[in-house]
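This briefing presents one protein chain for a reader who is new to structural analysis. Please keep the sequence and the structure in view while reading.

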Amino acid sequence: MAMAYLAWRLARRSCPSSLQVTSFPVVQLHMNRTAMRASQKDFENSMNQVKLLKKDPGNEVKLKLYALYKQATEGPCNMPKPGVFDLINKAKWDAWNALGSLPKEAARQNYVDLVSSLSPSLESSSQVEPGTDRKSTGFETLVVTSEDGITKIMFNRPKKKNAINTEMYHEIMRALKAASKDDSIITVLTGNGDYYSSGNDLTNFTDIPPGGVEEKAKNNAVLLREFVGCFIDFPKPLIAVVNGPAVGISVTLLGLFDAVYASDRVSQLLESKRSGKQREMRAFESSFSVASHKQATFHTPFSHLGQSPEGCSSYTFPKIMSPAKATEMLIFGKKLTAGEACAQGLVTEVFPDSTFQKEVWTRLKAFAKLPPNALRISKEVIRKREREKLHAVNAEECNVLQGRWLSDECTNAVVNFLSRKSKL
Ligand SMILES: CCCC/C=C/CC(=O)SCCNC(=O)CCNC(=O)[C@H](O)C(C)(C)COP(=O)(O)OP(=O)(O)OC[C@H]1O[C@@H](n2cnc3c(N)ncnc32)[C@H](O)[C@@H]1OP(=O)(O)O
């Protein structure tokens with residue numbers, strides 16, 4: 001009964017103005033006829049807007065969204081009533097059932113109304129639609145924003161899993177150089193969409209200059225050395241918000257960051273699996289379709305690609321996680337979950353996917369309130385001991401990679417990847 005009451009309270013409290021709740025448990029809903037205007041397109045747009053919610057709207061609102069979504073798409077509740085101990089599904093059933101015989105059109109309108117009432121939390125979303133017109137300050141492959149003392153550099157090639165092409169290497173360097181001089185206190189790198197980054201864009205190997213593959217390999221080695229050098233020399237606290245899978249150079253560079261926060265769905269899914277509710281948990285999540293993140297994983301398939309470690313990882317990874325664990329990743333290509341990467345010291349902290357963005361950004365905003373000079377000086381005290389060594393390691397890694405990129409092993413691996421979808 002308590003859950004049913006919650007659902008009724010929910011219906012009563014968060015009913016948009018077009019609905020009048022008159023009694024419980026049979027909820028008589030009188031619709032404002034003029035309110036029933038939401039088109040299917042409005043409804044679909046609202047569903048997409050829910051994906052952009054930065055702040056978790058809370059279970060009550062999510063239950064309401066679920067109920068209205070089901071009523072708008074399937075009509076009155078047609079599910080068998082779950083058992084009293086099946087709390088998640090019971091709450092969902094109660095919320096849907098509480099809508100009684102509300103017509104689909106009215107449910108659709110009220111869904112749209114409810115989502116639009118959440119719109120303030122949409123404005124500062126940390127996830128933006130691919131190709132959004134928020135490409136500020138002249139970046140094509142990034143969205144760079146600066147607020148609350150934080151400069152956020154967001155990889156914005158979500159349709160390509162945020163693969164880093166030549167343009168993006170240059171833009172990340174430009175953004176880092178600007179961030180090192182602006183008035184922000186900390187700098188954050190993150191990904192737009194379901195991936196953090198799938199690493200080097202393998203089509204980088206296809207545009208061969210007049211000097212041939214040797215010239216291409218040399219140009220890439222020069223680019224890579226300058227790119228990694230920007231991370232070695234970056235003077236402010238540099239933090240990675242790993243919102244999804246990370247591959248290759250996007251993983252190896254993490255050894256040069258000052259903090260790495262990652263989302264982890266495994267805990268939630270493991271919990272729901274244990275309680276036999278994985279299907280329901282996924283349905284529950286998908287019915288809300290709040291920002292759909294993949295679990296953050298960390299993969300450095302260099303041997304598979306005929307390549308070798310970069311980003312100073314040949315030095316930082318053995319120091320961070322032990323030579324044996326570094327070998328597993330860098331030589332044998334073991335893919336780590338966020339939890340494993342945290343246990344090995346590559347990730348600072350892992351957060352549940354459902355609260356990841358909220359918890360991480362709350363913490364980052366607190367960091368950004370710390371005295372900026374103390375932050376810079378403390379980072380310098382730590383980094384200066386290693387800076388010369390890191391530049392030497394970077395130079396050596398780039399020289400080795402320059403040779404690797406000319407090898408048959410690398411060429412075959414890149415051709416295999418690009419030809420799997422007839423990219424060549
Ligand atoms: C010049 C400096 C060089 C520095 C060298 C650094 C070394 C490295 O970074 S090595 C690591 C390189 N990265 C990879 O090997 C990852 C390759 N990508 C994949 O294995 C898969 O795409 C994925 C596991 C990341 C995702 O697979 P999924 O099936 O979910 O999606 P896809 O359909 O494969 O990808 C969507 C779309 O994006 C394109 N894409 C993804 N990753 C890359 C990439 N690294 N390079 C180029 N393109 C990539 C993929 O081709 C798809 O494109 P289409 O939609 O057009 O088919």
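Of the contacts in the protein chain between residues at least 6 apart in sequence, 77% join residues at least 24 apart. The model is predicted. The protein chain contains 17 helices and eleven strands, and buried residues account for 51% of its 424 residues.

**Nonpolar cores**

- The largest nonpolar core comprises 64 residues, and Phe231, Phe257 and Phe298 have the most contacts inside it.
- Helix 8, which covers residues 212–233, gives the most to this core, contributing nine residues.
- Another core lies apart from the largest one and has 22 residues, including Ala72, Cys77, Trp93 and Val115.

- Strand 6 (residues 238–242) runs parallel to strand 8, and four bridges join the two.
- Within this pairing, Ile239 has Ala259 of strand 8 as its bridge partner.
- Strand 11 (residues 349–352) also runs parallel to strand 8 and is joined to it by four bridges.
- Here the bridge partner of Ala262 is Val350 in strand 11.

- Three strands form an open sheet in the order 7-9-10, with mixed pairing.
- Strand 7 (246–247) and strand 10 (336–337) stand at the edges with a single partner strand each, so one side of each has no neighbour in the sheet.
- Strand 9 (residues 297–299) pairs with strand 10 in the antiparallel sense over two bridges.
- Thr297 has Thr337 in strand 10 as its bridge partner.

**Helices with a buried side**

- The general rule behind this topic is that an α-helix has 3.6 residues a turn, so residues three or four places apart point the same way.
- Helix 2 (residues 40–51) has twelve residues, which at 1.5 Å a residue should span 16 Å; its end C-alpha atoms are 17 Å apart, which agrees.
- Phe43, Ser46 and Val50 are buried in helix 2.
- Helix 13 (residues 323–330) has Ala326, Met329 and Leu330 as buried residues.
- The arc that they cover around the axis is only 80°, which puts them on the same side of helix 13.
- The elements covering the buried residues of helix 13 include helix 9 (249–252), strand 9, helix 12 (313–321) and strand 10.

- Helix 17 (residues 408–419) has twelve residues and reaches 16 Å from its first C-alpha to its last, close to the 16 Å expected at 1.5 Å a residue.
- In helix 17, Cys410, Ala413, Val414 and Leu418 are buried.
- They cover an arc of only 125° around the axis, so they lie on the same side of helix 17.
- These buried residues of helix 17 pack against helix 16 (372–404).
- The exposed residues Asp408, Glu409 and Asn416 sit on the face of helix 17 turned away from its buried side.

- Asn204 is located in the loop between strand 5 (186–191) and helix 8.
- Is Asn204 buried or exposed? Its relative accessibility is 6%, so Asn204 counts as buried, the cut-off being under 20%.
- The side chain of Asn204 reaches the backbone nitrogen of Thr166 at 3.3 Å.
- The side chains of Asn204 and Asn200 are joined by a polar contact of 2.7 Å.
- When its neighbours within four places in sequence are left aside, Asn204 is in contact with Ile164, Asn165, Thr166, Tyr169, Lys216 and Asn220.

Key
Residues are numbered from 1 along each chain as its sequence is written. This is a predicted model: local features need pLDDT of at least 70, side-chain atom pairs count only at pLDDT 80 or more; totals for chains, interfaces and linings use all residues. Side-chain values use heavy atoms; hydrogens and water are left out. A nonpolar core is a set of buried Ala, Val, Leu, Ile, Met, Phe, Trp, Tyr and Cys residues joined through side-chain atoms within 4.5 Å. Buried means under 20% relative accessible area, exposed over 50%, partly exposed in between (1.4 Å probe, protein chains only). Two strands pair if DSSP finds at least two bridges between them. A polar contact is a pair of N or O atoms within 3.5 Å; within protein, one must be able to donate a hydrogen and the other to accept it, and residues adjacent in sequence count only if both atoms are side-chain atoms. Contact means heavy atoms within 4.5 Å. The expected span of a helix is 1.5 Å times one less than its number of residues. The arc is that of the directions from the helix axis to the C-beta atoms.
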